Amino acid sequence: MADNIPFKLAGVMGMPIYQSRSPIIHNHWIKAHGINGAYGHFPVQPDNVEAAVLGLRALGIAGCNITLPHKLAALPLMDVLSPMAQKMGAINCIVVQADGALHGHNNDGFGYIQSLRDINPNWRADAGPIVIVGAGGAARAVIAALIDEGASDIRLVNRTRATAEKLAEGQTAVVQVHEWHERSEALRGAAMLINATSQGMYGQPPLELDLAPLPVTAMVSDLIYIPLETPLLAQAKARGNTTVNGLGMLINQAIPAFEAWFGVRPRATPELNRLLLATF
Ligand code: NDP
């Protein structure tokens, strides 16, 4: 009887939340694998994070993604943290164990690295200097993943220098902070440029950055996925750089989460890409 098949529920917790495309990704995979379950939006105000997170186990929910502004606040509520979540100081995924224990993960870095390898399977973090513009939560996740992959020369620039310095703390052998007004000069000889700011996102002005010193052999990545091609990526593509948008990061970070909740490793397919693209 259908009633006897356990129904698995997962979702994404944040505020605002209804713009999140995660339900499209996970519900596509749930359907594709014939799983008895669903993935929804959980709108949770900052005051309610603790009650909502601790309530996951009482409700028998398989787990959930955690997005802005709760990625830091949810971390101390975990019973166990993955090494990557510890390094990043933030979680984006909770897996509720059979005994009710809450395990916190951060799959953003995995998703990011995989999105680069989807474009260039030979991509290596130690191929040369990597310039990162921006020092928020996404930059923190990306830097931890790059260092984990063997990056040894990261040039970090942020409008607010103090934030970049805080991020570089304890890893200054690899991460050097450059001045905001010298961000274009920092591109000289770089193997890769990453935009981890909100500049260029729908409704925001483009990132102001003169690409002239950047080698055309460098990969240019933008974490933004709305629009898929930011002014930065359009400019980079026009001068011959390989470009990577943020959609691959979004899709790939969902893979290990889905596997942990539903027991099947899903695949990023052109069909899923098309589904997502239709929503932009
Ligand atoms: P945060 O709010 O934590 O950080 C924002 C960053 O943008 C800061 O470095 C901030 O600099 C910078 N910034 C904001 N306004 C300006 C400006 N006018 N000029 C220059 N710099 C500015 O955001 P996140 O780190 O969470 O997200 C950053 C980007 O990454 C967003 O566009 C987000 O959409 C994208 N993202 C994509 C994901 C994906 O799956 N593809 C996942 C997560 C994020 P300052 O410190 O000076 O304020």
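Analyst: Contact, or touching, means heavy atoms within 4.5 Å of each other. Happy to start with the ground rules: this is a predicted model, where local features need pLDDT of at least 70 and side-chain atom pairs count only at pLDDT 80 or more, while totals for chains, interfaces and linings use all residues. Residues are numbered from 1 along each chain as its sequence is written, and side-chain values use heavy atoms, leaving out hydrogens and water.

User: Thanks! Is S22 buried or exposed?

Analyst: S22 sits in helix α1, residues 22-32; helices are DSSP runs of H or I with at least four residues, strands are runs of E with at least two, and both are numbered from the N terminus. Leaving out residues up to four places away in sequence, S22 touches V12, Y39 and Q253. Buried means under 20% relative accessible area, exposed over 50% and partly exposed in between, with a 1.4 Å probe and protein chains only. At 6% relative accessibility, S22 therefore counts as buried.

User: Which polar backbone atom is 2.9 Å from a nitrogen atom of the ligand?

Analyst: A polar contact is a pair of N or O atoms within 3.5 Å; within protein, one must be able to donate a hydrogen and the other to accept it, and residues adjacent in sequence count only if both atoms are side-chain atoms. A ligand oxygen is 2.9 Å from an N or O atom in the side chain of R159, and a ligand oxygen is 3.4 Å from a polar backbone atom of S198. For the ligand nitrogen, the backbone atom at 2.9 Å belongs to G246.

User: How much of the ligand does the protein bury?

Analyst: Accessible areas come from the Shrake-Rupley method with a 1.4 Å probe; for residues, only the protein chains shown count as cover. Taken alone, the ligand exposes 920 Å². Of that area, the protein buries 75%.

User: How far is I226 from G246, C-alpha to C-alpha?

Analyst: I226 lies in the loop between β11 (219-222) and α7 (231-238), and is partly exposed at 29% relative accessible area. Beyond four places in sequence, I226 touches R21, M201, Y202 and F280. I226 and G246 are 20 residues apart in sequence, and their C-alpha distance is 8.3 Å.
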